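I opened my notebook to go through this structure step by step. I wrote down each look-up as I made it.

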Amino acid sequence: MAQQTYDYYQKWDKYNVEGEEVKIDEEAKVEERDKKLQKLEDLQSNVESTALTSLLADSESYESKSAVEEFRKARKGRGGRAKRKEKKEPALEQVEPPLSASASGDDVTETSAPEAEREKTDAAASSKALADNAKTRAGELKLALDSRELGKAQAKEGHYSKALEAFIAGMAHLDMYEDLLDVEEAEAEGEGEKKQEESAATNKESKKKKKKTPSSHAVCCGPDAQQVKEQQQLLKPDPLQPNKDNLCVSLRRDFNLNIGRSHLELDCVTEACEAFKYVLLVDPGNVSAWVARAECFRRMQLFILADLHLVKATDIDDIDRNAKAVKKMNDKDMILQKTQKILAGSEKGGEDEFMALAKAKSAKDILKRGVELYKEGNVIFREQFFNSACEKYKKASDYITIAEKILDVVLPGSIDSIRTASLLQVAACCLLRKREAGKAENACTTALKLGGFNITALLRRADARVELGKYEGASKDLRECERALLRKSAGKEMGDNQKSALENVKKRIERVEYIEAQVKGKTNPDLV
């Protein structure tokens, strides 16, 4: 008996009670979260079907209204002709018209009849136009919804290219739907413009009379409480609740989410990243968008940015399994990258990677990778990670240059402009964050040698030379920019943009000359 009791307690010790409780709680949370997501999906589909049904009903009502107006107009036209014939027949027999003919009401009815008919014609035409608009909008909305369902079906089967085409087509239909909606709203605003002006005038007068006096509670606690509430909302935002007012926003969010997923499956990480960015702008509580964008940055080898997105996702939903899986991969890749840097012994590991790519792949693949790196740099630059963006731009420029040497041909203008833009962005990153003015100057000089004359390159090189204390060179670059702008506007009237650019260059020249004079101890009082 004692042995049995001992075995029983041993088995109980091996059983992890706390771990099982955590698992049960997590499963309950997952189940509750899934129910909420399903409720949101049902609400979204309900809003979409209601909008489509109401559009079709509006179209039918407008069509019936237009038909009634047409019927009334035709009926009155037949009756009016008969009455005019009756009035004209006795008038022909009379030798002299009666003196009171001009004073009679017949002439008034004849002159006012065309106006009434015109009003009814306009009403019928307006109803018909509204009916056509509602019908077209219903058609565009239905095509958008059908395209989305088709894209989802193609994505389930693994045909991501076809799914992407379907989602993009659905977005085009949604754009048409929004354009038609804007037209109808503009017409409605035009009709009620006078009423709005009158009400605005009365409201303005009433506001002048009523002076708002803030309460002590609002002064002391209102702004702080509101600020705390906004911060809490930013830390843990709620998902977008679909309704009839934000139907277009929720649909565009769904399209961008699906487009981003398709791009990610096709390994187009920059396009996917931009699509997920739109989703997060309109729906900050969308956990799947945070996780998917983190995966984009992980594939770009930007593990810090990926980690920041995953932290945000876990703050919103700490039980999301996709976030945990991506987090695990991201941490593993981050450790691997650090290990490779340690083994390399320097920060020139990128050159070894580049040489390996140059040996393994063709020149066209290297050129393609250079363009991809430039796009990735643009995404990172917008995130204000200037060091990482600078590395991407440098690699992009190097890849395109090596591909040009291997191919031994003059690159097309589009590729050459990407290389020039990469070098200019290197200079921008160095000036903005790293304060490496020497590298910025070299990058701008290389861009001018490879891409020819460029005003942006001259301006950024002037900024770099000011940082380095090369005031004569900076002044020379700025003077050249001024001459170029004047040459562009020779014999033509300057636009607003050209005028502001020229004024900006002149101010920079004055500033450089003033700094140079101060450094040399010859301050010019006219420049102060």
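I began with a definition: buried means under 20% relative accessible area, exposed means over 50%, and partly exposed lies in between, with a 1.4 Å probe and protein chains only. By that rule, 33% of the 528 residues of the chain count as buried.

I noted what I was working with. This is a predicted model, in which local features need pLDDT of at least 70, side-chain atom pairs count only at pLDDT 80 or more, and totals for chains, interfaces and linings use all residues. Residues are numbered from 1 along each chain as its sequence is written, and side-chain values use heavy atoms, with hydrogens and water left out.

**Whole chain**

I looked up the secondary structure. The chain has 20 helices and zero strands. Both are DSSP runs numbered from the N terminus: helices are H or I with at least four residues, strands are E with at least two.

I looked up the surface next. The accessible surface of the chain is about 34,700 Å², and carbon and sulfur atoms hold 53% of that. The areas come from the Shrake-Rupley method with a 1.4 Å probe; for residues, only the protein chains shown count as cover.

Then I turned to contacts, meaning heavy atoms within 4.5 Å. Of those between residues at least 6 apart in sequence, 67% join residues at least 24 apart.

**Arg419**

Where is Arg419 found? I located Arg419 in helix H16, residues 413-434. Arg419 has a relative accessible area of 3%, so I marked it as buried. I left aside its neighbours within four places in sequence and listed its contacts: Ser397, Ile400, Thr401, Glu404, Leu411 and Leu450. The side chains of Arg419 and Glu404 are also joined by a polar contact of 2.7 Å. A polar contact is a pair of N or O atoms within 3.5 Å; within protein, one must be able to donate a hydrogen and the other to accept it, and residues adjacent in sequence count only if both atoms are side-chain atoms.

**Ser126**

I found Ser126 in helix H3, residues 105-156. Ser126 counts as partly exposed because its relative accessibility is 31%. Its C-alpha atom is 9.9 Å from that of Lys65, 61 residues apart along the chain.

**Cysteines**

How many disulfides does a search of the whole structure find? I got zero, taking a disulfide as a pair of cysteine sulfur atoms within 2.5 Å. For Cys429, the nearest cysteine sulfur is that of Cys390, 5.1 Å away. For Cys444, the nearest is that of Cys430, 9.1 Å away. Cys429 is buried at 0% relative accessible area. Cys444 is buried too, at 0%.
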